Amino acid sequence: TVDDLLMEHVQASISERSFDGMVRVLNRMTRVVTLWTVLMMELADDNVRGPKAMDTAYEASLAYLHPWVLQKTLHAAFRLAPSRQRFLQTISDNVTMSLLCAEEYVVASEPIINAMHIAFAKAGLPWDF
């Protein structure tokens, strides 16, 4: 399970007195999954533009880790993101199918994200490091 995997690496990190390694990787991986989950949820809204969806997804996931200069650079780059329609068409030519795929991704990823937050809390690990 996710808990078992995390606890195995937590014990190794504690013995090494470092949160580097796999615990950090699990944290970052969960943040990337969160980025895509929030992006898919945003793109499901007909009124959201691609750049705004990217901004929202980034703020919900990775922005905390990046210094101010990188945050500002990425937000500027997000203005070049494709429109919602073009983005969805990269998933499938059929936008309806793209939205179904996005919904399936969200349904599949949310329990993983929640499990990782719970596992970090149970282990007494900081989430924001």
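Which side chains meet in a salt bridge, and at what N to O distance? The side chains of aspartate 46 and arginine 84 do so, at 3.0 Å from N to O. The legends below concern a predicted model, in which local features need pLDDT of at least 70 and side-chain atom pairs count only at pLDDT 80 or more, while totals for chains, interfaces and linings use all residues. Residues are numbered from 1 along each chain as its sequence is written, and side-chain values use heavy atoms, with hydrogens and water left out.

**Figure 1. Overall architecture of the predicted model.**
The protein has 6 helices and 0 strands, and its elements run α-α-α-α-α-α from the N terminus on. Helices (H or I, at least four residues) and strands (E, at least two) are DSSP runs, numbered from the N terminus. Of the 129 residues, 36% count as buried; buried means under 20% relative accessible area, exposed over 50%, and partly exposed in between (1.4 Å probe, protein chains only). Among contacts between residues at least 6 apart in sequence, 65% join residues at least 24 apart, where contact means heavy atoms within 4.5 Å.

The structure holds 1 salt bridge, defined as a side-chain nitrogen of Lys or Arg within 4 Å of a carboxyl oxygen of Asp or Glu. The pair links distant parts of the chain, 38 residues apart: aspartate 46 belongs to the loop between α2 and α3 (50-61), and arginine 84 to helix α5. Aspartate 46 counts as exposed because its relative accessibility is 59%. Arginine 84, by contrast, has a relative accessibility of 10% and therefore counts as buried.

**Figure 2. Packing of helix α2 against helix α5.**
The axes of α2 (residues 22-43) and α5 (residues 84-91) come within 11 Å and cross at roughly 120°. Axes are lines fitted to C-alpha atoms, for helices over the stretch in contact, and angles run from 0 to 180 degrees between N-to-C directions. The two helices are therefore oblique to each other; angles under 35 degrees count as roughly parallel, over 145 as roughly antiparallel, 65 to 115 as roughly perpendicular and the rest as oblique. The crossing of α2 past α5 is left-handed, a term used if the near helix is turned anticlockwise from the far one by less than a right angle, with right-handed used if clockwise. Helix α2 contributes Trp36, Leu39, Met40 and Leu43 to the contact, and α5 contributes Arg84, Phe87, Leu88 and Ile91. By class, this contact of α2 with α5 comprises 7 nonpolar, no polar and 1 charged residues. Ala, Val, Leu, Ile, Met, Phe, Trp, Tyr, Cys and Pro count as nonpolar, Asp, Glu, Lys and Arg as charged, and the others, Gly among them, as polar.

**Figure 3. Packing of helix α5 against helix α6.**
The axes of α5 and α6 (residues 95-123) come within 8 Å and cross at roughly 80°. The two helices are therefore roughly perpendicular to each other. On the α5 side the contact is made by Arg84, Gln85, Leu88, Gln89 and Ile91, and on the α6 side by Val95, Ser98, Leu99 and Cys101. The classes represented in the contact of α5 with α6 are 5 nonpolar, 3 polar and 1 charged residues.

**Figure 4. Packing of helix α2 against helix α3.**
Helices α2 and α3 pack at an angle of about 145°, with their axes 8 Å apart, and their crossing is right-handed. Arg31, Thr34, Leu35, Val38, Leu39, Glu42 and Leu43 of α2 meet Ala53, Met54, Thr56, Ala57, Tyr58, Ala60 and Ser61 of α3. This contact of α2 with α3 has 9 nonpolar, 3 polar and 2 charged residues.

Threonine 37 is located in helix α2 and counts as buried, at 3% relative accessibility. Residues up to four places away in sequence aside, threonine 37 touches Tyr105, Val106, Ser109, Glu110 and Ile113. Valine 23 also has its place in helix α2 and is buried, with a relative accessible area of 0%. The C-alpha atoms of valine 23 and leucine 125 are separated by 9.2 Å, although the two residues are 102 apart along the chain.

**Figure 5. Surroundings of aspartate 128.**
Aspartate 128 lies in the segment after α6 and is partly exposed, with a relative accessible area of 41%. Apart from neighbours within four places in sequence, aspartate 128 is in contact with Arg31 and Tyr64. Aspartate 128 and asparagine 27 are 101 residues apart in sequence and 8.7 Å apart in space, C-alpha to C-alpha.
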